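Take a look at the structure below. This report walks through some of its loops, helices and overall features.

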There are 2 protein chains.
Amino acid sequence: MRTTAARTPTTPLDEHELHGIDLYWRAANYLSVGQIYLLDNPLLREPLRPGHIKPRLLGHWGTTPGLNFVYAHLSAQVRRRGTDMMWVIGPGHGGPAALATAWLDGTYSEVYPDVGRDAEGMRRLFRQFSFPGGVPSHAAPETPGSIHEGGELGYSLAHAYGAAFDNPGLVVAAVVGDGEAETGPLAAGWQSARFTDPARDGAVLPILHLNGYKIAGPTVLARIPESDLLSLLEGHGFRPRVVAGEEPAPMHRQMADALGAALDEIGEIQRAAREDGAAGPVRWPMIVLRSPKGWTGPGTVDGRRVAGTWRSHQVPLGGVRENPEHLRQLEEWLRGYRPDELFDAGGAPRPEVLAPVPEGPRRISASPHANGGTLLRALDLPDFRDYAVDVPEPGAGTAEATRVCGRYLRDVMRRNPDRFRLMGPDETASNRLDAVFDASDRTWEAERLPGDEHLAPDGRVMEVLSEHLCQGWLEGYLLTGRHGLFNCYEAFIHIVDSMFNQHAKWLKVSRGLPWRRPIASLNYLLSSHVWRQDHNGFSHQDPGFIDHVVNKKAEVIRVYLPPDANTLLSTADHCLRSRDYVNVIVAGKQPGPNLLPMDEAVAHCARGVGVWDWAGTEDGTEPDVVLACAGDIPTLETLAAADLLRRHLPELRVRVVNVVDLMRLQPVDEHPHGLPAREYDSVFTADRPVVFAFHGYPWLIHRLTYRRNGHQNLHVRGYKEEGTTTTPFDMVMLNDLDRFHLVMDVIDRVPSLGVRAAGLRQRMVDERLRCRAHTREHGEDPPDIRDWSWPGRRAGR
Amino acid sequence: MRTTAARTPTTPLDEHELHGIDLYWRAANYLSVGQIYLLDNPLLREPLRPGHIKPRLLGHWGTTPGLNFVYAHLSAQVRRRGTDMMWVIGPGHGGPAALATAWLDGTYSEVYPDVGRDAEGMRRLFRQFSFPGGVPSHAAPETPGSIHEGGELGYSLAHAYGAAFDNPGLVVAAVVGDGEAETGPLAAGWQSARFTDPARDGAVLPILHLNGYKIAGPTVLARIPESDLLSLLEGHGFRPRVVAGEEPAPMHRQMADALGAALDEIGEIQRAAREDGAAGPVRWPMIVLRSPKGWTGPGTVDGRRVAGTWRSHQVPLGGVRENPEHLRQLEEWLRGYRPDELFDAGGAPRPEVLAPVPEGPRRISASPHANGGTLLRALDLPDFRDYAVDVPEPGAGTAEATRVCGRYLRDVMRRNPDRFRLMGPDETASNRLDAVFDASDRTWEAERLPGDEHLAPDGRVMEVLSEHLCQGWLEGYLLTGRHGLFNCYEAFIHIVDSMFNQHAKWLKVSRGLPWRRPIASLNYLLSSHVWRQDHNGFSHQDPGFIDHVVNKKAEVIRVYLPPDANTLLSTADHCLRSRDYVNVIVAGKQPGPNLLPMDEAVAHCARGVGVWDWAGTEDGTEPDVVLACAGDIPTLETLAAADLLRRHLPELRVRVVNVVDLMRLQPVDEHPHGLPAREYDSVFTADRPVVFAFHGYPWLIHRLTYRRNGHQNLHVRGYKEEGTTTTPFDMVMLNDLDRFHLVMDVIDRVPSLGVRAAGLRQRMVDERLRCRAHTREHGEDPPDIRDWSWPGRRAGR
């Protein structure tokens, strides 16, 4: 395990090797231009005609030659050293580079046999690019060797470090674009080096690619004084080496030397840590590559400078089909790479072009790490039942659900020290998962001081106050075949809404690609939720991540709202076993009543939704009204409301329904977990009033059920953006989700109840006023509310 | 206007002044502890008893003394120099500090007269803090002097710089917490200095407050080698000064000197730029303040170190009511500040305590900039009708809607050079708003090179590839009384979902505070939308920001989907005039048919939803079916479908309804823009099938209309996460939103149509196959689809 990632030291590359790299680079550049422009005539065996050109020219040339340059050099080093290497392409728009190099290496044809490494294959490679029914212009799930969607920018470093954690033999080359470098997530990403253990983790080699321009203007890092740039990178803990220029020959020499030295340094850092037990801060190498945007492309088009400016960002020659001069320039550009020197008569790359290409899985485009499902080993999971709280009768005791779950996660961590990590923005203890610290510490490479607790370089609990980094690290870790869980305050998980989008889209596409093997699901455990922001107040109240998640493809997303500790255990176990999903679990951390013994919890979670006859009063007949609930606090209020109704309106037949798996509410043709219509009706009835107490925004329940029978009888209470710093019960009152209001809602919907109910209704109004007044005066909820536990009717029935 | 913000140079503060600062600091600390703990006995005139203590102890002590320290020193400098200064409190959890200092200054009692600057007022100040019905424990809208919610972390620098832009006389002191400093948005925020013009803008003075700990562990910046830290900050373009220690007296001296020198430097930088015309990179001063977490608080509690550790983060003494030793420690702690030296018999601060406090609006807590509505001047807006495209008949010509809007925005910018900015992540030109560059350039302080276009230090178009910075800058700019617009790719606006949440919550609370005057709305112009990601594909397709937005309070949010250029103009004008909203405008940038002459566009936008009788075939009778649409592409497809129906099923009476203002769909009791039920029915009918073609996720329409009459007849088409790199028409086909599918949907919902319709339905299926095949073969849509424009029936009717 503890081998070093890069064998050290090596001699510099010789001129012959550099020539091979240059050939490879020219070939990759040729193939990149071909993808952007050509429908046919891929090898230019005949003069270029308008008919050979794609009708819509779509793609990004600007960053592509730089990426090809990097890839050629990385490959040559891998071939020499036998390094296990993958790359992450921050400038993901440079899809042509990822595709060109994978095709040159032979990987592409192995994955997609219909795109062979010959003239016809080259024609197909070109045609499919950014073409209807073809492949995206970005690095994407369809791209072999990629774990990083090239769409939204900012996550390359986080993904790269996530891939390197617990992969001691791996080097991840992370190309960071200078546009991307302006984003917040990327700016935070530099901190990742402070969380990388040279003994246990692999290494990331950042390559900051300054080509100077974004879509239409310069980039910040390319234009600040170089002394500032180097100071900045040194401040992040790196030793930067600058490779800068335009002339290929000296650039090859510089790059080979810089890369060789960087890999030597990585090797030495790892050797010192692994063999000598060296500890303390590490200065990791990195490379700054300054090369012209659109390098080797047309210098001037229509009298305006293009190469070396932002005008190279997308398609440098825009009118090739219509403008003969553009067509001539394109042909000149393509022939400038001398394709006949690069490809043989059949269209295959000549052997000398392939000189830098490593063997088999060492080819960077073929890295198994970039298809993590092939490396995935299931977690060794303890039996979650062993962590159950004892529930002799519903509500007999209380537990903090996440604290109970923490004990289970502690043992998951103990049993899987090489493949499970827990991520969170400094909230592991706050979310009451601190039992995990019995199994491992927080990852911490920086200085430690007396009095520090639970910090270690090889800690497996990753805390950084950046949700972006937590999410990005975890994605990188999962995509390379490992497992994990992200715990977060519910409100602030919106910080990663857009990252979730990208990951969910990645999973949707991956599921359609047989060669991509399933990976572990992305699991969120959201706690410190909307109903218990007692002191944080309004700014910390937002249950809308669920709404955001359910917009994505049904086959990818799952949402669970376990109402107590045992159901949370069952849910967590289920999620850790699942593959290729995003699982969102919302659970409380505050003491709450224990409701289900473990065997019933398991059965309830398996059903996802169920009638709790122990809580209702229907007694085997049809109910007059259904009280439904989802989420721990709404469940508590619903049970209390059912109890009030039982005591005060014993003739009313009340059914209590609890929903754990939110997707059960959707029709079965909209979500694989959806209840069939008959089953839905048997639970919720087709015609009785349903008062639904929901954890989140109430309209989400309507959005999920609008096609259900009886939807017009469904009345939902949930969070409606009311309340701030206050007591727990005042909070539910402010949003009309409290037990008293639920009783009022029932009375309002069962008019046949008559006068007696009118009296009860008034009493409920009075109860609300009493609670409100008590809270305002004493600063806490009335004792009878505070000490509520379900009175446990089961025994008596 | 062009005065410098800080008069220079000044002599150092003398010992007497430092003593005043210390008194003020002690007083603020006393008031902070009192807020966290005390219900009564605010001046400790009697021995502390459990009954004086709050039942629930909620608040954050850790960061508070440092904030009080900073505030006291800032005040003393302002008093001396007459600087116009505000502050932004990154560690917003330190609400006690913001409240204590505002109360000491007298500002609090001016804003809230019931909380006077006397013993009873102090009692109320203490009691209300983090108490039901009281005030949040964070800086919040309720807090005078604040523009920055203390909830989610990361936006302090962006807000501070936004406040400083175009405020040449203002200095914004931005306290950055070391927890916050780990976030991505904050890490990106340091770049803001590269966008600050010393001639035209005010200055931001960052104060990085390293107290070493987050909730439960150390922070990165506090634990890296100091040489790395300084290198990092220098790399960001700053000249950092370190103030470090624990002993108050030397800390006061260090801080006074560092702050004095920093303000002197700011003055000199501004003088050089404004008087000498100095250009080129500026090295702005900043301060690193290292002070213990929980400074001056209990050193040891229950045998464990608390002051100087993360255990000070919230409430250092947790059991005061029950634990006599804790109660004793609290009393000792409070009395250690010697309250009798600080407050007079009536509870008012003694004059010597108030020595550092500036006069009137110069008090930092009273800064009018922090209540921007008081400074707001309406925009001088050109008549948007002057930019109208000519529409002799619907569909007679095409325009790129955002390009037309860009001309209007150009003149908004010209007329309001001191109070309007356009923000966007490098997409101004891509979103076709480039006419604005005729009025102003991109803000650019770094190096400029030959060939650069539209870059200038005083440019008013702010482009940085960080949506977080764009949003944060704009928020800071709006909150201090100015105007702006954020243009963004639709998919990636999700990056700021959580920032939007916080701003919408701020607006909701502000609206309930009469002393907070209305500010300009936060306007989003989302283009490059889901339907036209021709080459960017799946990763760039997400219309869900609308879903996210509509979860927030109805009185704050507005969503507009103008279908053509003239309706976009009318909408933009409306939004720029509005106050205290978040307006989301989704509009296309690709050529689309011009539909409404300007007078009709204005009327249509004013109604928000309307029947387009020129497009339908109902001829004054009741329709058989309603075709509704919202968004430019769905409108185009709906008009085409209506045209197909008119030609092939002339007997079918079709009504076409277009929705510009999405909130019109909600019931009037749920949104102020909601259509009354009768009006809704008169547009959509109560019982006819409605086929609704929607821009976004289809279920959003159901969520808005589930309580409407006839909802069971509503059938919505929209984006369902299908499609990737392809042609525009293929994209709508993949999501069943195309004209042919809409016709099929109509046929399926009007069974009485019979055999003739069955033939048409098959033809529609065939048309889809024809289009699909053409696209796959030729890489572009069939010419008859591509060249579609509405045939302009109006003239003939």
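S528(B) lies in the loop between β14 (522–527) and α16 (545–550) of chain B. Helices here are DSSP runs of H or I with at least four residues, strands are DSSP runs of E with at least two, and both are numbered from the N terminus. S528(B) is buried, at 3% relative accessible area. Buried means under 20% relative accessible area, exposed means over 50%, and partly exposed lies in between, with a 1.4 Å probe and protein chains only. The phi of S528(B) is positive, near 45°, and the residue is not a glycine. Most residues other than glycine have a negative phi.

This is a predicted model, in which local features need pLDDT of at least 70 and side-chain atom pairs count only at pLDDT 80 or more, while totals for chains, interfaces and linings use all residues. Residues are numbered from 1 along each chain as its sequence is written, chains are lettered from A and ligands numbered from 1 in the order in which they are written, and side-chain values use heavy atoms, with hydrogens and water left out.

**Another loop, and the helix before it**

R338(A) is found in the loop between α11 and α12 (339–342) of chain A. Its phi is also positive, near 55°, in a residue other than glycine. R338(A) is partly exposed, at 41% relative accessibility. Helix α11 of chain A covers residues 324–336 and holds E325(A). E325(A) is partly exposed too, with a relative accessible area of 36%. D302(A) is 23 residues away from E325(A) along the chain, and their C-alpha atoms are separated by 8.9 Å.

**Two buried helix residues**

C470(A) sits in helix α14 (residues 467–479) of chain A. Its relative accessible area is 0%, which makes C470(A) buried. What does C470(A) touch, not counting residues up to four places away in sequence? The list is M423(A), G424(A), P425(A), V464(A) and F486(A). Contact means heavy atoms within 4.5 Å. G424(A) is 46 residues from C470(A) in sequence, yet their C-alpha atoms are 6.0 Å apart in space.

S570(B) belongs to helix α17 (residues 565–577) of chain B. It is buried, with a relative accessible area of 7%. Leaving out residues up to four places away in sequence, S570(B) touches F384(B), A601(B), V602(B) and C605(B).

Here are the accessibility values side by side.

| Residue | Relative accessible area | Class |
|---|---|---|
| S528(B) | 3% | buried |
| R338(A) | 41% | partly exposed |
| E325(A) | 36% | partly exposed |
| C470(A) | 0% | buried |
| S570(B) | 7% | buried |

**An enclosed helix in chain B**

Helix α3 of chain B runs over residues 95–105. Of its 11 residues, 11 are buried, so the helix is largely enclosed by the rest of the structure. Among them are P96(B), L99(B), W103(B) and D105(B). Which elements do the buried residues of α3(B) pack against? They pack against α1 (15–37), α2 (64–81), β1 (84–89), α4 (107–111) and α5 (119–128) of chain B. G106(B) follows α3(B) and has a positive phi, near 95°.

Just after α5(B) comes S130(B), with a positive phi of about 50°.

**The nonpolar core**

A nonpolar core is a set of buried Ala, Val, Leu, Ile, Met, Phe, Trp, Tyr and Cys residues joined through side-chain atoms within 4.5 Å. The largest one has 523 residues. L662(A) and L662(B) have the most contacts inside it. Not counting residues up to four places away in sequence, L662(A) touches I546(A), V559(A), L561(A), F694(A), L700(A), I701(A) and L704(A).

**Chain A as a whole**

Chain A has 25 helices and 22 strands. Its radius of gyration is 30 Å, close to the 28 Å that the globule rule gives for 797 residues, so chain A is as compact as a globular protein of that length. The radius is taken over C-alpha atoms, and the rule is 2.2 Å times the number of residues to the power 0.38. Along its principal axes, the C-alpha trace of chain A spans about 95 × 65 × 45 Å. Buried residues make up 72% of the 797 residues in chain A. Among contacts in chain A with a separation of 6 or more, 78% join residues 24 or more positions apart.
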